Amino acid sequence: MLTVHQTHATLKQAHQTTKQIDGRNQVGYAGELTIKNVIYHDVKLRGTTKIKLFMPRQKLAVFQLDAGLGKFTTSNPRVQVTALPGEQVPEATFEQPHRPGYRFDGWRLHIGHHWQKVQHLVARHCPNHHVIHAYACWRER
């Protein structure tokens, strides 16, 4: 978050470009923000700072995969996977969790008031503070 208070900040006209983020080409806008003479409480900083910005047109959706009573090989019960909105996330891009005595049987999402088993994880647009939670389904061997 950038808060400008008693400071002169200028954003040069941004131009559309493509940049690789998390291994995906994303279309967005690049620009340069110039900040002059910053005042922070009683401290006055003289000079100029330039910050290069890239603002993607689409936010990445974040899946949090929860192995439940299982674990991934990292011994972590959760991992995060990112995707562009509308993108189908192939299971090959992340490892399947393991649980002794059980077989991994896919993922389920909480949709509305119901749990729904899904064949594929498909990203939907979600606000920055929201994460799509997917939970592992298990079958006894």
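User: Aspartate 105 has 18% relative accessibility, so is aspartate 105 buried or exposed?

Analyst: Aspartate 105 counts as buried, because its relative accessibility is 18%. Buried means under 20% relative accessible area, exposed over 50%, and partly exposed in between (1.4 Å probe, protein chains only). This is a predicted model, where local features need pLDDT of at least 70 and side-chain atom pairs count only at pLDDT 80 or more, while totals for chains, interfaces and linings use all residues. Residues are numbered from 1 along each chain as its sequence is written, and side-chain values use heavy atoms, with hydrogens and water left out.

User: Good to know! How do I read the confidence, and where is it lowest and highest?

Analyst: pLDDT is the predictor's confidence in each residue, from 0 to 100. Here the protein averages 79, and 85% of the residues score at least 70. Confidence is lowest in strand E1 (residues 8-11), with a mean of 61, and highest in E11, at 90. Strands (E, at least two residues) are DSSP runs, numbered from the N terminus. Where pLDDT is low, the predicted coordinates should not be read in detail.

User: Back to aspartate 105: which residue forms a salt bridge with it at 2.8 Å?

Analyst: A salt bridge is a side-chain nitrogen of Lys or Arg within 4 Å of a carboxyl oxygen of Asp or Glu. The partner at 2.8 Å, between the closest N and O atoms, is arginine 139. Arginine 139 lies in strand E11 and aspartate 105 in strand E8, so this pair ties together parts 34 residues apart in sequence. Salt bridges with shared partners join Arg103, Asp105, Lys117 and Arg139 into one network. Within it, the side chains of arginine 103 and aspartate 105 meet at 3.8 Å, N to O.

User: Which residues is aspartate 66 in contact with, leaving aside its neighbours within four places in sequence?

Analyst: Contact means heavy atoms within 4.5 Å. For aspartate 66 the list includes Arg78, Trp107 and Ala136. Aspartate 66 is buried, at 13% relative accessible area, and its side chain meets that of arginine 78 in a salt bridge (3.3 Å, N to O). This pair links distant parts of the chain, strand E5 and strand E6 (residues 78-83), 12 residues apart.

Definitions and conventions: Helix = DSSP H or I, 4+ residues; strand = E, 2+ residues; numbered from the N terminus.
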